[in-house]
Amino acid sequence: MKKIILTLVAALGLAAGSAMAAGGGIPLDQAPGKTNDLASLQNGAKIFVNYCLNCHSAAFMRFNRLKDIGLTDQQIKDNLLFTTDKVGETMKAAIDPKQAKAWFGANPPDLTVIARSRAGAGGTGADYLYTYLRTYYRDDTKPTGWNNLVFPNVGMPHALWELQGERRPVFEEQESHGHKTQVFKGWEQVKPGLMTPLQYDQAVGDLVNYMQWMAEPAQNTRKRVGVWVLIFLGLFTVIAWRLNAAFWKDVK
């Protein structure tokens, strides 16, 4: 029985490895996950509005909800309202849906809850977005001129390319189980961007933090209240246990 279990585990491991190699997937990097860092969230909101909202909507998020991350109505109006003049409006994309379909073949998806919907066995949705936005590379064989290691043959161009610059992935050929595979080893900078690699990673981290917060703005409150609820239940359990012992101590 033990040999059968070990054989099944090994087979599943090989199948998973083969699937990753065939799909061109790479392990996901861990996102910062700082949804309570107001400075990071504010910078992420700025990047989202300037670079993502041109094509993608966040139709279930209103601009005035950004007051929850420390912005005032006036700051929102002065710095973030490009697609509407009302702070109570939802975040709708600036692009015309017909033009988007003609250019990209389909309307870009709504990003309100993308940080939750992309969660999987390899990591959280935030991990996926954090890795995805940092693994674009030039590919002249694609219509957009870009490709992505996390999402091969992606239809979306690299919206942040001016910040990151142009890079080329470096692969190393290795033999595994009698088959030669291309293993990703790192990046080679082709053209520099406006940011250094460290600055770009921090900017993407801020953007992903914001998108993670946007997917559930009440998550920090939920977690904070949940901790107090668990503490209350723990204390009440102790009190109930002692009361029960007191009530039944003389009953035999």
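Is Thr90 buried or exposed? In the predicted model described here, Thr90 is buried, since its relative accessible area of 13% falls under the 20% cut-off. Thr90 belongs to strand β2, which spans residues 90-91. Beyond its neighbours within four places in sequence, Thr90 is in contact with Ala59, Met61, Arg62 and Phe63.

The protein chain as a whole contains 9 helices and 6 strands. Of its 252 residues, 31% are buried.

The largest nonpolar core comprises 47 residues, and the most contacts inside it are made by Phe48, Phe63, Leu66, Met91 and Tyr210. Two or more residues are given to this core by each of α2 (38-52), β1 (58-62), α5 (114-117), α6 (125-132), β3 (136-138) and α8 (197-215). Helix α8 gives the most, with 10 residues. Residues up to four places away in sequence being set aside, Met91 touches Phe48, Leu53, Ser57, Ala58, Ala59, Met61, Phe63, Leu66 and Tyr210. In soluble globular proteins, nonpolar side chains tend to be buried together.

A nonpolar patch is also found on the surface, where Val225, Val229, Leu230, Phe232, Leu233 and Phe236 together have about 600 Å² of accessible area. One of these residues, Leu230, is located in helix α9 (residues 219-248). Leu230 is classed as exposed because its relative accessible area is 62%, over the 50% cut-off.

Strands β5 (residues 165-176) and β6 (residues 179-192) run antiparallel and are joined by 12 bridges. Within this pairing, Glu173 stands opposite Gln182 in β6. The hairpin of β5 and β6 has 2 residues between the strands, and His177 in this hairpin takes a positive phi near 55 degrees. A positive phi of about 65 degrees also occurs at Asn153, although Asn153 is not a glycine. Most residues other than glycine have a negative phi. Asn153 is situated in the loop between β4 (146-148) and α7 (161-164), and with a relative accessible area of 52% it is exposed.

The count of salt bridges comes to 7. In one of them, the side chains of Asp29 and Arg134 meet at 2.9 Å, N to O. This pair links distant parts of the chain, 105 residues apart: Asp29 lies in the loop between α1 (2-23) and α2, and Arg134 in the loop between α6 and β3. Asp29 is partly exposed, at 33% relative accessibility, whereas Arg134 is buried, at 14%.

A further salt bridge joins the side chains of Arg222 and Glu216 at 2.7 Å, N to O. Arg222 has a relative accessible area of 45% and is therefore partly exposed, while Glu216 is buried, with a value of 19%. Salt bridges with shared partners also connect Asp29, Arg134 and Asp201 into one network. Asp73 and Lys67 form another salt bridge, in which the closest N and O atoms are 3.8 Å apart. Both partners are partly exposed, Asp73 at 29% relative accessibility and Lys67 with a relative accessible area of 42%.

Key:
Residues numbered from 1 in each chain as written. Predicted model: local features only at pLDDT ≥ 70, side-chain atom pairs only at ≥ 80, totals over all residues. Heavy atoms only, no water. Pairing = 2+ DSSP bridges. Helix = DSSP H or I, 4+ residues; strand = E, 2+ residues; numbered from the N terminus. Buried < 20%, exposed > 50% of the residue type's maximum accessible area, 1.4 Å probe, protein only. Core = buried A, V, L, I, M, F, W, Y, C linked by side-chain atoms within 4.5 Å. Contact = heavy atoms within 4.5 Å. Patch = residues over 30% accessible without salt bridge, like charges linked within 9 Å, V, L, I, M, F, W, Y side chains within 5 Å. Areas by Shrake-Rupley, 256 points an atom, 1.4 Å probe, with all protein chains shown as cover. Salt bridge = Lys/Arg side-chain N within 4 Å of Asp/Glu carboxyl O.
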